[in-house]
Amino acid sequence: MIGILGGTFDPIHFGHLRTALEIAESCGMEQVRFIPGSVPPHRPQPQASAEQRLAMVSLAIADEPRFVADRRELDRVGHSYTVDTLISLRKEIDATVPLAFILGMDAFWAFRSWHRWQDIMQMAHLIVMHRPGYKPDPTDWYGEWLASTTCELRDSSAGKLTFLAVTQLDISATAIRHAIKQGRSTRYLLPDNVRAYMTEQGLYR
Ligand code: ATP
């Protein structure tokens, strides 16, 4: 199974990295691809450039052989939609290989507003990770996709959804940017090599 973690990564932090590792281990994933988005349709524009965000992702994952930085959304002109990313990935990854799109509970709340979300479910599974401050959606609109166990995701290539209780790290890129602006330390919130890069590039000041 291959995991996909899309995000703005403005900047990447331990809330992305630790949870991705736990998911990779509990689902027996061979690989997790970190895919920074170019122009996210649902949110304000990132402060770091696309190349800077990709550089930070590459630094952060350098020591973990299962993690891969994937620049495909950055080379695309216009909006970066997850559905297009999955279409592009499926051209490279055999249709029989399970693909799992990983997202946090906050992002899952908005999932039904995503462009062609039903098509996303045709091409990948969804793994929703719990995130501090975000409760599960009480409606069961996703009931038809819900897997009874996480392992069930390995039995098919797409179309199942599961919730995973990962270590709860109340870290966000917003809080990191805010801390830098206020001159406070970001130590222990994200990898030191990413912090050094941010300082060198004068990011988020
Ligand atoms: P921002 O604060 O700028 O909105 P963010 O910290 O939420 O950024 P993103 O790059 O937008 O980071 O997140 C990418 C994905 O990772 C999303 O699916 C998001 O829900 C998830 N995610 C981010 N931080 C955490 C965390 N601390 N715990 C669990 N999931 C997270």
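Modeller: Welcome! Helices and strands here are DSSP runs, helices of at least four residues and strands of at least two, numbered from the N terminus. Please keep in mind that this model is predicted.

Biologist: Thanks! Between which two elements is the loop that holds glutamate 73?

Modeller: Glutamate 73 has its place in a loop. On one side of that loop is strand S3 (67–69), and on the other is helix H3 (82–92).

Biologist: Which side chain of opposite charge is nearest to glutamate 73, and how far away?

Modeller: Glutamate 73 is buried and has no salt bridge. A salt bridge needs a side-chain nitrogen of Lys or Arg within 4 Å of a carboxyl oxygen of Asp or Glu. The nearest side chain of opposite charge belongs to arginine 76, at 4.7 Å.

Biologist: Which side chain makes a polar contact of 3.0 Å with that of glutamate 73?

Modeller: Leaving out residues up to four places away in sequence, glutamate 73 touches several residues, including Ile35, Pro36 and Thr85. The 3.0 Å polar contact joins its side chain to that of serine 80.

Biologist: Which element gives the largest share of the shell around the ligand?

Modeller: Around the ligand there are 21 residues. Elements that each supply at least two of the shell residues include strand S1 (2–7) and helix H1 (14–27). The largest share, 3 residues, comes from H6.

Biologist: Is valine 166 buried or exposed?

Modeller: Valine 166 sits in the loop between strand S6 (161–164) and H6. Among the residues it touches are Thr19, Glu22 and His130. Its relative accessibility is 8%, so valine 166 counts as buried.

Biologist: How many residues apart in sequence are the parts tied together by glutamate 30 and arginine 154?

Modeller: Glutamate 30 and arginine 154 form a salt bridge, with their closest N and O atoms 4.0 Å apart. Glutamate 30 lies in the loop between H1 and strand S2 (31–36), and arginine 154 in the loop between strand S5 (125–129) and S6, so the distance along the sequence is 124 residues.

Biologist: And how many salt bridges does a search of the whole structure find?

Modeller: One of them joins arginine 33 and aspartate 70 at 3.0 Å, N to O. Another joins glutamate 51 and arginine 71 at 2.9 Å. The search of the whole structure gives a total of 15.

How values were computed: Residues numbered from 1 in each chain as written. Predicted model: local features only at pLDDT ≥ 70, side-chain atom pairs only at ≥ 80, totals over all residues. Heavy atoms only, no water. Buried < 20%, exposed > 50% of the residue type's maximum accessible area, 1.4 Å probe, protein only. Lys, Arg positive; Asp, Glu negative; His and termini not counted. Polar contact = N/O pair within 3.5 Å; in protein donor to acceptor, adjacent residues only side chain to side chain. Contact = heavy atoms within 4.5 Å. Near = heavy atom within 4 Å.
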